[in-house]
Amino acid sequence: MNMLFRVVLGPDNIRRLTVNEALDSVHQLKGILRESLQLTQDFEIQFEDPEFANELCNLSDISELPPEKATLKIINKAPELSDDVSSVSSLDTASVASSQSPTSYPSPSSMPLRRHENSEQWPSPFPIPQFSYDVELRLVKGNEVYRQNGTLLDVSREMKSNILNAICKSVFSYKAYPTKNELALVAAELVKKHPCLKDPSMGTCYDSWTMSLFYKVGNYRHKLKEAGCSEVSVNRRTPGKDGGKRLKRAKRCEVNFLPDIPAGQCQASLQLEKAALMEEMKKRHHNSTFISAKMEMTFSLRRKEIVDEEPLVADVLTQWPALFLEEQVYLEFYRITGVPLKDTFFSSLDEYAPKIIKLYRSRSGAFGEDLKSLLDKLDQKTTNVVLHRKTTALQGLPVFMRENTNSLFKSCLDTDVEDSNLRGTQMGILSVIEDDGATADTVNGNVRCFSVIIEEHIVVDDLPDLPTALALLFGLIYALNMKYPDELKYTFETLQKVFMHLDTNLSARVLSFRNKMLRM
């Protein structure tokens, strides 16, 4: 049956949503809300309970909802913050036994980074900022006159400059290099909020504002470049050098692509912090709290080296060995995107894996023996079926996207982990199988562990399962600012945009997969 929801996302963001399917669980409802409303952060659901005069209550069972329609409120969960990171001395390198604890994310106030409450990479609708008092006063009066007789406001040069400057600052808080389409959306919101600013000519009514924003944002970037802003000065052209080099900018919803050095620090002081971090990594037992503090403190230095110098992975392994620790991969991804990798990836995998397997079974005949072989292997599993289902869902992605699955997933015996198995592998997952008379591609071979390969090097090993290995590979692509391999671009786009909800602009192939999967 149909269910109508009034969903409260914030004081000024209340949405209407119709669900055309029977709801069996709160988890299913969460998945629908996350997909329909593009929610990227973990959240809880509250509902207005008619039995308590419509007071809000936490939704713990789907049967608690009133029939036909209900009002829901979304409560975003903030990532757990580490209280003890800041207590570590910047010069203390004493060894403390490492203790395993859940990943804790750096405090937003400790770094000069972009942070948004709902982790939006580009908000929709875009929030038009408050202008100076005199401009706001003129806009109020102009809007009143427009509503009365349709007369547009005569915008002075000074007033237009004030409006554009304020919007440029707001735009840069999200992106240094917005696209023209994104700026058009900003212009549309501007004239929607202040209709007296519409273009007098025919068209969209905001074309001139779009063009003005386009040039004003470019001028604003130039000012920031002259002021030394790292994210734009990295693209400064050097006389005598090739001016056609690739533009270094955020392309995959990175909110902190190239941050500036924190206040109170300089290049030399951060190099000292880096040296202390490298010394700690030489010890047999690492102090994980100390490492997290140093990695957070040196984030701007590390991003500058990786983005500006584009080192080989082998060099990054030498210079930043802590970056390849499992916990640090999750933390680095969060610093760059503002999205918790582990929580988001595995939450999506829990939700999507059963649907993906159903989709594979319904379309297996269209993909030859590769997909059928994966499903046959899954059907032979009698233990830990849930994990095998998730693994099969991920292994089948390259097949379904008609890409080269062998370039991503490789296998070898634990007595044969040699360079020959790594040669030519740009990035991939290596399954290490116990040598008990089996072969590397045996269906029933016991997998001892999984490893992550990048540029012919094993960068993370001894991982318990393939989903963890693939999540870490995806996180390292962001941490190392690497491009998706051409032969696997749709597979990684699926991980980014469908599983991680980073960007809603899907290619036709990925959009088709998502829509078919959600209908299962």
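Buried residues have under 20% relative accessible area, exposed residues over 50%, and partly exposed residues lie in between (1.4 Å probe, protein chains only). By this scale, Glu-68 counts as exposed at 58% relative accessibility. The structure is a predicted model, in which local features need pLDDT of at least 70, side-chain atom pairs count only at pLDDT 80 or more, and totals for chains, interfaces and linings use all residues. Residues are numbered from 1 along each chain as its sequence is written, and side-chain values use heavy atoms, with hydrogens and water left out.

**Overall architecture**

- The chain contains 19 helices and 9 strands; helices (H or I, at least four residues) and strands (E, at least two) are DSSP runs, numbered from the N terminus.
- Of its 520 residues, 47% count as buried.
- A contact means heavy atoms within 4.5 Å; among contacts between residues at least 6 apart in sequence, 64% join residues at least 24 apart.

**Nonpolar cores**

- A nonpolar core is a set of buried Ala, Val, Leu, Ile, Met, Phe, Trp, Tyr and Cys residues joined through side-chain atoms within 4.5 Å.
- The largest such core has 77 residues, and the members that touch the most others are Phe-345, Val-452, Ile-454, Leu-480, Phe-492 and Phe-499.
- Helix 17 (residues 466-479) gives the most to this core, contributing 11 residues.
- Another core lies apart from it and holds 24 residues, among them Ala-166, Val-186, Cys-196 and Val-217.
- Leaving aside residues up to four places away in sequence, Phe-492 touches Leu-408, Met-427, Leu-473, Phe-474, Ile-477, Tyr-484 and Pro-485.
- In soluble globular proteins, nonpolar side chains tend to be buried together.

**Packing around helices 12 and 14**

- Helix 14 (residues 385-395) has Lys-390, Thr-391, Thr-392, Ala-393 and Leu-394 as its buried residues.
- These buried residues pack against helix 12 (341-363), helix 13 (368-379), helix 15 (397-400), strand 6 (409-413), helix 17 and helix 18.
- Ile-356 lies in helix 12 and counts as buried because its relative accessibility is 0%.
- With residues up to four places away in sequence not counted, Ile-356 touches Ala-393, Phe-499, Phe-513 and Met-517.
- The C-alpha atoms of Ile-356 and Thr-392 are separated by 9.1 Å, although the two residues are 36 apart along the chain.

**Salt bridges**

- The whole structure holds 17 salt bridges, each defined by a side-chain nitrogen of Lys or Arg within 4 Å of a carboxyl oxygen of Asp or Glu.
- Arg-138 forms a salt bridge with Asp-134, and the closest N and O atoms are 3.0 Å apart.
- Arg-138 and Asp-134 are separated by about one helical turn because they are 4 residues apart in helix 2 (residues 133-149).
- Arg-138 counts as partly exposed at 33% relative accessibility, as does Asp-134 at 37%.
- Glu-305 pairs with Lys-274 in a salt bridge whose closest N and O atoms are 3.3 Å apart.
- Glu-305 belongs to helix 9 (residues 299-309) and Lys-274 to helix 7 (residues 267-281), so this pair ties together parts that are 31 residues apart in sequence.
- Glu-305 and Lys-274 are both buried.
- Lys-282 forms a salt bridge with Glu-279, the closest N and O atoms lying 3.1 Å apart; Lys-282 counts as exposed at 63% relative accessibility, whereas Glu-279 counts as partly exposed at 43%.
- A network of salt bridges links Arg-302, Glu-332 and Arg-335.

**Backbone exceptions**

- Most residues other than glycine have a negative phi, and most peptide bonds are trans.
- Glu-68, which is not a glycine, has a positive phi of about 75° and lies in the loop between strand 4 (55-58) and strand 5 (69-76).
- Asn-481, also a residue other than glycine, has a positive phi near 55°; its place is in the loop between helix 17 and helix 18 (489-499).

**Largest cavity**

- On a 1 Å grid over the protein atoms alone, a cavity is a set of points where a 1.4 Å probe fits but cannot get out, and lining residues have an atom within 4 Å of a point.
- A search of the whole structure finds 5 cavities of 30 Å³ or more.
- The largest cavity contains about 70 Å³ of space, the volume being that filled by probe spheres set on grid points joined across faces, edges and corners.
- Its lining consists of Arg-34, Glu-35, Gln-38, Lys-497, Val-498, His-501, Asp-503, Thr-504, Leu-506 and Arg-514.
- Helix 1 (26-36) and helix 18 each supply at least two residues of this lining.

Key: On a 1 Å grid over the protein atoms alone, a cavity is a set of points where a 1.4 Å probe fits but cannot get out, and a pocket is an open set with protein on both sides within 12 Å along at least five of seven lines; lining residues have an atom within 4 Å of a point.
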